[in-house]
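Me: Hi! Could you walk me through a structure, one question at a time?

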Amino acid sequence: MREVVIAGVGQTPVGEHWELSLRSLAHRALSAARKDAGDMRPEALYIGNLLAPVLSHQANLGSLVAGNSGLEGIEAVTVEAGEASGAGALRVGYLAVASGLIDCALVLGVEKYTDAVGPQTEAAVSQVLDMDYEGMQGLTPSGLAGLVAQRYLYETGAPRSALMPLALIAHENGAGNPNAMYRKAIKPAVYENAEVTADPLNMFDLAPYADGAAAVLLTTPEKLSNAQRDRAVRVTGSAVSIDTLALHDRRDPLAFEAARRAVAAACAQAGVLPGEMDLFETWDSSSIYALLTLEAVGLAPRGEAWKLAQAGEFSLRGRMPILTLGGNKARGYPLGAAGVYQVVEATLQLRGEAGANQIPGAKRALTLALGGPASTAIAHVLER
């Protein structure tokens, strides 16, 4: 296996881009990543997307996006892994370059949530659940997260306020991200008075669905100039693990086993432990999932991640910074593209280009994307 590096990154601001098409969003991110990498031309394009065939009525994204971005003739396919589709595309791109079959691969995560409105959008997102036993009964991803949160509070005896620190961390960090959808910190009183949307979760516990595109260009160090090598970030670990699609099929719904296995495998490949990271871009489609992933990967004892969060352990200047540029909650949640945004943000941290949110001396980062309630978990270790 060859060494794989990230030579370029690009992203669009996350938000409601009513004026932009799916292909236009994709082109902006791809162009930015290629420019950042010195205009390298890729041999392959791997796209992570969840909703385009349903909301945008557009499949065959490989041909659409490559052709619209002046990349006619290259290999181009779409990867789908629920909300973790972007991270899945990165996994495919990593394997292509590491294997030696591809020298330069572009990875794109793109989502155009606002191509539809109303109940159709919630129904589309609910496809990530088990349709026979969850979706057909009217359960949604938000509703499922609410049920998991109820179980967590019941089993641990934690107060309702246990969920608050994750939202506060995300919004505080999002304030320093120029590409974030919400760039304002919130106070505890604002959180406590927010409308409950999926009991016990309120509007600050659930990440807002949005539009966005992010891209990374993968290659080998040998393809880079000396100046480019100075900014390159290595991908030293990559792993995928799955669990049952339906939550009710698991022996323990609060043990995110797929997340634990994916992180353990990626860290073992990189030769490090999760606690040795300088930052962790965890998954906060809901605040409860962020808590459960922290516990699953061993950064907090079971039932106690909320206590460590309250104590500041996971803040930007804490022992293990998380959601360093706002996470899904404050940056915005472009679903199938979110896993690539995580990697772009971690790369900026490792390059020292994260602006006001820069973690001093950051050299190693862990990212974790989830499809559903850790039905699919995809982890990557990045190193400067």
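Predicted model: local features only at pLDDT ≥ 70, side-chain atom pairs only at ≥ 80, totals over all residues.

Me: Does C267 count as buried or exposed, and at what relative accessibility?
Reply: Residues are numbered from 1 along each chain as its sequence is written, and side-chain values use heavy atoms, leaving out hydrogens and water. Buried means under 20% relative accessible area, exposed over 50% and partly exposed in between, with a 1.4 Å probe and protein chains only. At 2% relative accessibility, C267 therefore counts as buried.

Me: How many disulfides does a search of the whole structure find?
Reply: A disulfide is a covalent bond between the sulfur atoms of two cysteines. The search takes a pair of cysteine sulfur atoms within 2.5 Å. Over the whole structure, the number of disulfides found is 0.

Me: How many residues of strand β4 are buried?
Reply: Strands here are DSSP runs (E, at least two residues), and helices are H or I runs of at least four, numbered from the N terminus. On one side of β4, C104, L106, L108 and V110 are buried, and on the other A105, V107, G109 and E111 are too. For residues 104-111, that gives 8 of 8.

Me: Which residue in β7 is the bridge partner of L108?
Reply: Two strands pair if DSSP finds at least two bridges between them. β4 and β7 (residues 212-219) pair in the antiparallel sense over 8 bridges. Within β7, L108 has as its bridge partner A215.
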